[in-house]
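These are notes for a colleague who has not seen this structure before.

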Amino acid sequence: VGFKRELIKEVKLFIVDVVNFRQDFDANGPMVEGLDPMEAVDRLKKFQQLFDVRKRKWVNYSSGEELFGLTVTQYPELEKTEQEIQMLDRLYSLFVNVITTINGYGEFFWVDVLTQIDTMSEQVAQFQAQCKKLPKSLRGWAAFRDLKKKIDDFLEILPLIQALCSKSMRQRHWQEVMTVTGKTFNLSEDVFKLQHLLDADLLARYEELEELTSAAVKEEQVGRE
């Protein structure tokens, strides 16, 4: 009888705790509107840990209620939070993976980029496929839009990166690239990295740069004839 009375008492306190937890999740959790995605990742980790503590209590109290023949208390706030955390984990796991991978590509020295083009293309295309498989309910979220844009932009820019890797690109062509982008590059092999180009907002000047690389190829062909 003492255990049963204690259980009923603890469940009453837990019901209040669950409501407060959900209010905290709504006000300060990873789903707050306009949140920077990397901040959301940190919040998700925090609330995942807080949820796990409550999940264990939820399971234990439910087992106790069944044991004593009591009505098993429902916690719709926890059920909703669990579903949202699982969805968020899928989204942000992919988000962190994409950001980490593409940032890693930026560290390639330019002289090594051509040999990595196919690998980068295949990997980011896989990310794109994973992104498309995410639940439709996530597609209105800022993190999903940021993720999709990061992937799409990188895949769109890869053909231009490949064109810029061409041996027909001479020093004068790179001077033109700097003029078009408004950026200055140190083209030394031990300095110039892919990130320098990724930071130059190539998509905004895509057509001009595409014409420039095409002209470089034609110049080389004419020079051979």
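1. In which helix is Glu84 found? Glu84 is found in helix H3. The model is a predicted one, and the points below should be read with that in mind. With a relative accessibility of 11%, Glu84 counts as buried, because the cut-off for buried is under 20%. Leaving aside residues up to four places away in sequence, Glu84 touches Arg22, Phe25 and Met31.

2. Phe25, one of the residues that Glu84 touches, belongs to helix H1. Its relative accessibility is 1%, so Phe25 counts as buried. Beyond residues up to four places away in sequence, the contacts of Phe25 are Pro30, Met31, Phe47, Thr81, Glu84, Ile85 and Leu88. Phe25 and Phe47 are 22 residues apart in sequence, and their C-alpha atoms are 7.3 Å apart in space.

3. Ile85 is also on the list of residues that Phe25 touches. Ile85 is found in helix H3, which covers residues 76–105. Is Ile85 buried or exposed? Ile85 counts as buried, since its relative accessibility is 3%. Not counting residues up to four places away in sequence, Ile85 touches Phe25, Leu44, Phe47, Gln48 and Phe51. Lys45 lies 40 residues from Ile85 along the chain, and a distance of 9.5 Å separates the C-alpha atoms of the two.

4. The next point is the helix pair behind these contacts. Helix H1 (residues 2–28) packs with H3 at an angle of about 35°, and the two axes are 10 Å apart. The crossing of H1 and H3 is left-handed. On the H1 side, the residues that meet H3 are Phe14, Val18, Val19, Phe21, Arg22 and Phe25. Their partners in H3 are Glu77, Leu78, Lys80, Thr81, Glu84, Ile85 and Leu88. By type, the residues of this contact divide into eight nonpolar, one polar and four charged.

5. Which residues touch the most other members of the largest nonpolar core? In this core of 60 residues, they are Tyr92, Trp110, Leu147, Ile161, Leu164, Leu197 and Leu202. At least two residues of the core are supplied by each of H1, helix H2 (37–67), H3, helix H4 (110–132), helix H5 (142–164), helix H6 (171–181), helix H7 (194–198) and helix H8 (206–224). H3 gives the largest share, eleven residues.

6. Leu164 is one of the core residues that touch the most other members. Residues up to four places away in sequence aside, Leu164 touches Trp110, Met169, Trp174, Val177, Leu197, Leu202 and Thr213.

7. On cysteines, a search of the whole structure finds zero disulfides. A disulfide is a covalent bond between the sulfur atoms of two cysteines. Cys131 has a relative accessible area of 4% and is therefore buried. Cys165, at 15% relative accessibility, counts as buried as well.

8. Where does Asp201 lie? Asp201 lies in the loop between H7 and H8. Asp201 has a positive phi of about 55°, although it is not a glycine. Most residues other than glycine have a negative phi. Asp201 has a relative accessible area of 47%, so it is partly exposed.

Methods: Residues numbered from 1 in each chain as written. Predicted model: local features only at pLDDT ≥ 70, side-chain atom pairs only at ≥ 80, totals over all residues. Heavy atoms only, no water. Helix = DSSP H or I, 4+ residues; strand = E, 2+ residues; numbered from the N terminus. Buried < 20%, exposed > 50% of the residue type's maximum accessible area, 1.4 Å probe, protein only. Contact = heavy atoms within 4.5 Å. Axes fitted to C-alpha atoms, helices over the stretch in contact; angles between N-to-C directions. Left-handed = near helix turned anticlockwise from the far one by under 90°. Nonpolar A, V, L, I, M, F, W, Y, C, P; charged D, E, K, R; others polar. Core = buried A, V, L, I, M, F, W, Y, C linked by side-chain atoms within 4.5 Å. Disulfide = S-S within 2.5 Å.
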